[in-house]
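Please read the report below alongside the sequence and the model. It moves from strands to helices, then to single residues.

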Amino acid sequence: RRKLPSMDPALRFGDAVHRALDVRQQGGGQAAMEAEIDLAFDGVSVAEDEHRTPGRAKEVAGLYGVEYAGDWAAFEVMASEKAGERELGFVSWVLEDGQGRMDKVCRVMWQFRIDGVWRDRVNDKLYVKDTKTMKDCGSWDHVHAKYHMSPQLKLYCWSQGVNDAVVDSIVVRPGAVRVTARSKPRTEFNRLVLHWSDEELQECRRDTLFKLGQWLTACGREGQPPPMTGAPESCVRFGRRCPYYDVCQQR
């Protein structure tokens with residue numbers, strides 16, 4: 001498995017916030033969350049113009065606790081940072097080499113690490129819990145559509161046998177040079193409660209298996225390199241170039 005020599009500032013900041021909220025889910029207070037953030041940034045040099053600093057992560061963790069102070073009265077945490085795997089299904093693919101064409105079958109395991117599983121104390125409904133940090137968000141309608149269509153969230157739910165998710169979007173903007181009445185909040189929270197039917201979750205599972213079958217078939221053609229992953233426009237997303245771009249460009 002390839003590993004990056006360093007972590008993108010956005011990913012590093014998101015990791016620090018996730019680790020702090022894991023502490024919160026397990027009953028830790030602000031001091032314990034801040035200690036976890038210090039560990040996440042241990043040995044890391046933050047650029048002078050980078051606003052996603054350890055101090056800002058601690059500020060966000062504190063504000064999150066204020067924003068969602070009623071969480072534990074409304075929900076019981078059933079699991080925090082839950083990791084595991086579940087059989088997604090079997091996929092058919094084709095191997096083509098110098099000896100001919102052969103139909104193959106592959107068993108696929110879906111591996112997951114879920115931020116949390118929460119239970120509603122009133123109606124006993126279970127939710128997958130996820131937190132997303134971002135530099136900006138456009139409109140909240142856009143954010144809702146993005147996460148409602150997310151295969152990751154759908155398969156998280158499928159893996160746990162639930163149909164609903166609680167997704168917290170945390171926007172962490174750089175500080176404005178001059179604050180005006182039209183300035184957006186420096187830190188902004190929005191909680192989405194998403195629902196999918198059993199049919200939608202099964203559709204996502206089937207689509208994933210279908211795409212894997214296409215990928216394996218493409219990789220199974222002798223003498224032909226495997227296709228690039230994703231769409232070409234995915235090489236640059238959210239204003240950042242893929243960290244593996246230079247390797248892709250080698251002849």
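## Strands and sheet

Phe75 stands opposite Asp120 of strand β2. This is a predicted model: local features need pLDDT of at least 70, side-chain atom pairs count only at pLDDT 80 or more, and totals for chains, interfaces and linings use all residues. Residues are numbered from 1 along each chain as its sequence is written, and side-chain values use heavy atoms, with hydrogens and water left out.

Strands (E, at least two residues) and helices (H or I, at least four) are DSSP runs, numbered from the N terminus. The protein has seven strands and eight helices. Two strands pair if DSSP finds at least two bridges between them.

Strands β1 and β2 run antiparallel and are joined by 20 bridges. A hairpin of two residues links β1 to β2. β2 also runs antiparallel to β3, with four bridges between them. Val117 has Val128 in β3 as its bridge partner.

| Strand pair | Residues | Bridges | Direction |
|---|---|---|---|
| β1 and β2 | 75-97 and 100-120 | 20 bridges | antiparallel |
| β2 and β3 | β3: 126-134 | four bridges | antiparallel |

What is the order of the strands in the open sheet? The order is β1-β2-β3-β4-β5, five strands with mixed pairing. β1 and β5 (187-195) are the edge strands, and each pairs on one side only. On average, neighbouring strands of this sheet are turned by 35 degrees against each other, direction ignored.

## Helices

Angles run from 0 to 180 degrees between N-to-C directions, and axes are lines fitted to C-alpha atoms, for helices over the stretch in contact. Contact means heavy atoms within 4.5 Å.

Helix α3 (residues 54-67) lies across β3, β4 (164-172) and β5, at about 55 degrees to β5. Helix α6 (residues 151-160) lies across β1, β2, β3, β4 and β5, at about 85 degrees to β2.

Two packed helices are described by the angle between their axes and the distance between the axes. For α1 (residues 9-25) and α2 (residues 30-40), the angle is about 150 degrees and the axes are 8 Å apart. α1 and α2 are therefore roughly antiparallel to each other. Angles over 145 degrees count as roughly antiparallel, under 35 as roughly parallel, 65 to 115 as roughly perpendicular and the rest as oblique.

The crossing of α1 and α2 is right-handed, with the near helix turned clockwise from the far one by less than a right angle. On the α1 side, the contact is made by Asp15, Ala16, Arg19, Ala20, Val23 and Arg24. α2 contributes Ala32, Met33, Glu36, Ile37, Leu39 and Ala40. Eight residues of this contact are nonpolar, none is polar and four are charged.

Buried means under 20% relative accessible area, exposed over 50%, and partly exposed in between (1.4 Å probe, protein chains only). Is Arg56 buried or exposed? Arg56 counts as buried, because its relative accessibility is 2%. Leaving aside neighbours within four places in sequence, Arg56 is in contact with Phe13, His51, Val172, Arg173, Arg186 and Thr187.

Gly55 is also found in α3. At 45% relative accessibility, Gly55 counts as partly exposed. Its C-alpha atom is separated by 31 Å from that of Ser234, 179 residues apart along the chain.

## Whole protein

The C-alpha trace spans about 65 × 50 × 35 Å along its principal axes. Of the 251 residues, 37% count as buried. Among contacts with a separation of 6 or more, 70% come from residues 24 or more positions apart.

Note on methods
Nonpolar A, V, L, I, M, F, W, Y, C, P; charged D, E, K, R; others polar.
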